[in-house]
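Dear colleague,

I am passing on the structure below, followed by some notes on a helix and a group of strands. Please read the notes with the coordinates open beside them.

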Amino acid sequence: MKMKQISYLLFACLLYFSACTSQNQEEAKQAPNTESYSADIIIYGGTSAAVTAAVEATKAGKSAIIVSPDKHLGGLSSGGLGYTDTGNKEVIGGLAREFYHRVYNYYQDDKTWKWQKKEEYGNKGQGTPAMDGDARTMWIFEPHIAEQVFEDFIKEYNITVYRDEWLNRENGVVLKDGKIQSFTTLSGKTFEGKIFMDATYEGDLMAEAGVSYHVGREANSVYGENFNGVQAGVFHHRHYFLEDIDPYKTPGDPSSGLLPKISDQPPGENGEGDDKIQAYCFRMCLSRHPENRVPFPKPDNYDPANYELLARVFASGWRETFHKYDPIPNWKTDTNNHGPFSTDNIGMNYGYPEASYEERKAIIKEHEDYQKGLMYYLSHNEKVPEEVRKEMAQWGLAKDEFTDNGNWPHQIYVREARRMIGDFVMTEKEVMGDIPLDRSIGMGSYAMDSHNTQRFVTKDGFVQNEGDIGVHPHQPYQIDYGSIVPKKGECPNLLVPVCVSSSHIAFGSIRMEPVFMILGQSAASAAILAIDKNISVQEVAYTDLRPLLEKGLQRLEYKKEN
């Protein structure tokens, strides 16, 4: 009897331990990676600002880790925006200028000119000059060349990069006394640092750290501006409907419903604020070289009815389809939005800044389908004028760009998302150059440029766009240190060089890629001081910061030559 009881107990124990072992193995399979990493400076983001920040920190002897949601580094600079929005090049210094110098060096090698002879490409006397020979810089380039330059920086300075690592936005940020102690990614990796930097276009780390921010357009009254808020009837470019175009599915019949991509809401009163943001698109790299051209793909959900509004624009006589096929080397383009109905997917991105990752993926996919469908429509639909279709037949996606993504850009153009409300808010007044600043960390000079934010029906019953603004500063302007620093009382160890503290319209100028590189480098200089002096980023003295910026060859003021 006792032997049977012992045998039974042994059998029960074996079953129990077997079950426990199976359960533990299953839990181990489901448990995320729990590795922990630390550095002086943790940079979240894979943008151009992230790279320049890491380089500057490393040059100063600080350890830096880039935690990038993206697999590819460089953001828009390597994501299709090769026709650089420079403004006045004299105020682009430091690592930003070093980037464009390294691009120049690549194009001195004849091997780089695979599809076009070097002498066939150069300064055309229009737009941004491609090459600045005296300064040994090149401002227009192919996406893969830009990405290679960023990767060269990473390799040369032995910078650690973790790619495809997404911030856990539920409970991944650990704060103590308002400071970020660490953050964890969705894979389970934890990153600890002394100073953190949000170098993303979206500002997710900033938001999860409890820092104040804004989404949308402020009313003009908030900062005493003229070009913020609703701007119905204000047209600074040719991105509006030049002729009266009927917005209804059945022309003249409102009961038939509106055509796609037209809002049924009024635009609001001029000068009012709203939660709308300027339109996104992809900066496509197209090729017209027969051996390097991929035909425009037809999206699975392609519906030509989505482009009926464009057909009516063509019918009105509009013929500016190819005005923003800006030439980059090797018979390629940086193709941008142009006209009343183009690559900008107006009004379809309002939820993006605050959206979950899955929601953002859906928004990005909708933009991709829209833009691919547009190119297919222009190439194939009989409502498109024959001369346009004939010209489009010469173009396609560049076969040697974005080769791991079906030749489609890996980065959507997030022209704005969240913007911090920080220690200092850059506004129209500062950007217009009317107010000199005491804490310059770099300069900008491009126009206050906002793409359209909405497409609506006017009181007269026609379709129109709203929000497209382009106002040029009187001269290059300074950017205040406080614009990358949270306000006092908020996160004392975080710097934000991309989603900077700025009004909507001022950000329209600041948001240029060379400026982001400048601000990334300057943010790293501030981080170095905060670490060395064991102080908050808000306590960094400009008298200490400026010498570091000057040592880094940043250009902090503009001296106009006579």
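Helix H2 (residues 48-59) has 12 residues which at 1.5 Å a residue should span 16 Å, and its end C-alpha atoms lie 17 Å apart, which agrees; the expected span is 1.5 Å times one less than the number of residues. Helices (H or I, at least four residues) and strands (E, at least two) are DSSP runs numbered from the N terminus. This is a predicted model, in which local features need pLDDT of at least 70 and side-chain atom pairs count only at pLDDT 80 or more, while totals for chains, interfaces and linings use all residues. Residues are numbered from 1 along each chain as its sequence is written, and side-chain values use heavy atoms, with hydrogens and water left out.

H2 is mostly covered, with 10 of its 12 residues buried, that is, under 20% relative accessible area with a 1.4 Å probe and protein chains only. Gly61, which follows H2, has a positive phi near 90°.

In strand E15 (residues 332-335), Lys332 and Asp334 point one way and Thr333 and Thr335 the other, and all are buried. E15 pairs with strand E12 (residues 284-287) in the antiparallel sense over four bridges (pairing requires at least two DSSP bridges), and Ser287 stands opposite Lys332. Strand E14 (residues 325-328) also runs antiparallel to E15, joined by four bridges, with Asp326 opposite Asp334. Three residues separate E14 and E15 in a hairpin, and Asn330 in its turn has a positive phi of about 70°.

With best wishes

Conventions. Buried means under 20% relative accessible area, exposed over 50%, partly exposed in between (1.4 Å probe, protein chains only).
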